[in-house]
Amino acid sequence: MIKTFEFMYGDTWYKYEGGYIYRQDINDFYQPYCPVLIDLESILNTFDTPQLQTIMAAIIHGFVHGKNAGRSQQINEFKRLFNID
């Protein structure tokens, strides 16, 4: 199992713990944010903390990008369904 560690992405602190990435809120509490696949555990165990911090930041980047792309697709589908320009 990967040890718990904190990392920063953008100007926000995150924490990896037990297969999940948590995002720090304005009250300095960590809220669940993004799951990490269990299958990655054995691969990630071979990296040290600085490398893990970079990998987790990349996972957050992909998660945010995917979330935004999905939102954009939903908006476009809504516009198409209701014939809105």
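Phe5 touches Tyr14, Lys15, Tyr16, Thr49, Leu52, Gln53 and Met56, leaving aside residues up to four places away in sequence. The model is predicted. Phe5 and Phe7 both belong to the largest nonpolar core, which has 14 residues.

**The nonpolar core**

- Phe5, Phe7, Tyr16, Ile21, Met56 and Ile60 are the residues of this core that touch the most other members.
- Strand 1, strand 2 (12-17), strand 4 (30-35) and helix 2 (49-81) each give two or more residues to the core.
- Helix 2 supplies the largest share, four residues.
- In soluble globular proteins, nonpolar side chains tend to be buried together.

**Phe7**

- Phe7 lies in strand 1, which covers residues 5-9.
- Phe7 counts as buried because its relative accessibility is 2%, and the cut-off for buried is under 20%.
- Beyond residues up to four places away in sequence, Phe7 has contacts with Thr12, Trp13, Tyr14, Lys15, Tyr16, Ile21, Gln53, Met56, Ala57 and Ile60.

**Strand 1 and strand 2**

- Strand 1 pairs with strand 2 in the antiparallel sense, over five bridges.
- Glu6 has Lys15 in strand 2 as its bridge partner.
- The two strands form a hairpin with two residues between them, and Gly10 in this hairpin takes a positive phi near 65°.

**Strand 2 and strand 3**

- Strand 3 (residues 20-24) pairs with strand 2 over four bridges, in the antiparallel sense.
- Tyr16 has Ile21 in strand 3 as its bridge partner, and both Tyr16 and Ile21 are named among the core residues that touch the most other members.
- Glu17 stands opposite Tyr20 in strand 3.
- Two residues lie between the strands of this hairpin, and Gly18 in the turn has a positive phi of about 55°.

**Strand 3 and strand 4**

- Strand 3 and strand 4 run antiparallel and are joined by five bridges.
- Tyr20, which stands opposite Glu17, also stands opposite Pro35 in strand 4.
- The hairpin of strand 3 and strand 4 has five residues between the strands, and Asp28 takes a positive phi near 65° there.

Methods:
Residues numbered from 1 in each chain as written. Predicted model: local features only at pLDDT ≥ 70, side-chain atom pairs only at ≥ 80, totals over all residues. Heavy atoms only, no water. Buried < 20%, exposed > 50% of the residue type's maximum accessible area, 1.4 Å probe, protein only. Contact = heavy atoms within 4.5 Å. Core = buried A, V, L, I, M, F, W, Y, C linked by side-chain atoms within 4.5 Å. Pairing = 2+ DSSP bridges.
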